[in-house]
Amino acid sequence: MGNTVVASGAPPPPSSPSSSTPDPPKRNDNPGTFEEIHKSTKDVFPNFFEGGRLMMQRGLSNHFQVTHIINLSSTDPSGYRFGATYVGSKQLGPAESYPILLGDCDPSGNVSANLIHQFGERIRAKAAAQIQRSKYQATKLAADYMGDDFTASITLGNIDVLKGSGVVVGHYLQKITKSTSLGSEIAYQCGPMIPGGQLAVVSLAARYSGEKWTASGTLGGAGVHACYYQKCSDQLQMGVEFETNTRAQKCVASIGYQVDIPRADLVFRGVVDSDWNIGSTLEKKLSPLPFTLALCGQFSHTENVFRMGCAFVIG
Amino acid sequence: MATIEEIDSGMESLRGDSKSVSPELPPGAKWAHEADDLDDEDLDETLTERLVGLSEMFPESVRTGSVKLASWSAQAVKSLYGFSRNAVWVVFSSSIILFAPVVFEIERAKVIESQRQHQRQVCMIWFYLDPVPQWEDLLHQERACRWGWVFHHRFDEIVLYVPKLS
């Protein structure tokens, strides 16, 4: 989904500078949000899809962008999706402008919508909803407070007052030194389906960054998740991930890498798993025209299943 | 002189338990005695039985050890073959998915780069050619390079090298 992509064309109109603070050096110390603690490693791993996909992105103005997607697939239902992105005029950085409204809809009425807005300098709010078959499948309301060297967030998910069910998640991430951040998460869920009516899970997270590497880990009731990221060179980045799930009693280790070759306009990501799964994604810009070709393939040696996806993006 | 003549009909020796009748003969001798009567059609059987009989001269542990070694090595060769088949398949199919596209694209980029270099080298021979009026319309079709020169490559032999007009 194009979230902060501003449509091509003239640069967006300069907004009036918000307050007396000259430039936010505090923003550099902010450790990011808790959900993004494993982000550098997760970006190295490929994202898979199946079947053929044609995506046409068109910018109608500086603020507005429209997407048409056609999916052809044997596993997921094939169809057409129409998406729209609106980016507002409050600009906080070269690629960040707020508010951001993202929407995606289907001819049968399945809609997913996202709204992100920044209030002031520090508070960011998100709202997301997914409607399928005329019912709210998922809703989410989140607020992040970005302090000088910490981030606190609270998220409410699937709140249903009538049934008395919902999920509340609180996050806190603090930057201890220039390279260390520690954080914790508490997730509270209540609902009639849960034995006992309510359930809370606590996890701790830590991240240590070096000059060219980052190690991060999460330890909690849901399991252990450890990640390591290394930037081997300008062209090669590698990531290792180890994930356990106490509820499903499974653990998986994977090694992924990303190869960037700018002179061939190519980004290639590959992953090898401990379950004997391999997969890779190739994205190539076909340069004189704004076309991008994305190919992905996944193969599982144990189950002997091969899945392939091919996407063509125009614009 | 015995009143009752003992008639040796020879039937007793043909019975199965005739060993008790003639205890003085060792069992091998009886066999050897019979071997003279046996003919070529039983020779194969005899050969195998002879070899098997030869093996009886080794002690029990040597015999069982060599049998185990032979069957183990046959099994090992079979499973090594099966394992190497699997391993080679996994390695090659994984490298097709994980490494082949990058390698092909890098090679392609190198070839395109070297072709461009080659073209530029050919260009260098023609130098500082003033634009000729009838060729000026060709300038509109050019792609400008970053040094501000205009390359035009229409034919393999003729290359123009024209200073870019602002």
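Me: What makes a disulfide here, and how many are there over all chains?
Reply: A disulfide is a pair of cysteine sulfur atoms within 2.5 Å. By this rule the count over all chains is zero. As for A:Cys232, the nearest cysteine sulfur belongs to A:Cys227 and lies 16 Å away, so A:Cys232 is in no disulfide.

Me: Good to know! What kind of model is this?
Reply: It is a predicted model, where local features need pLDDT of at least 70, side-chain atom pairs count only at pLDDT 80 or more, and totals for chains, interfaces and linings use all residues. Residues are numbered from 1 along each chain as its sequence is written, chains are lettered from A and ligands numbered from 1 in the order in which they are written, and side-chain values use heavy atoms, leaving out hydrogens and water.

Me: Why is A:Cys105 called partly exposed?
Reply: Buried means under 20% relative accessible area and exposed over 50%, with partly exposed in between (1.4 Å probe, protein chains only). A:Cys105 has 29%, so the label is partly exposed. A:Cys232, at 36%, therefore counts as partly exposed too.

Me: And how much of chain A is buried?
Reply: Of its 315 residues, 31% count as buried.
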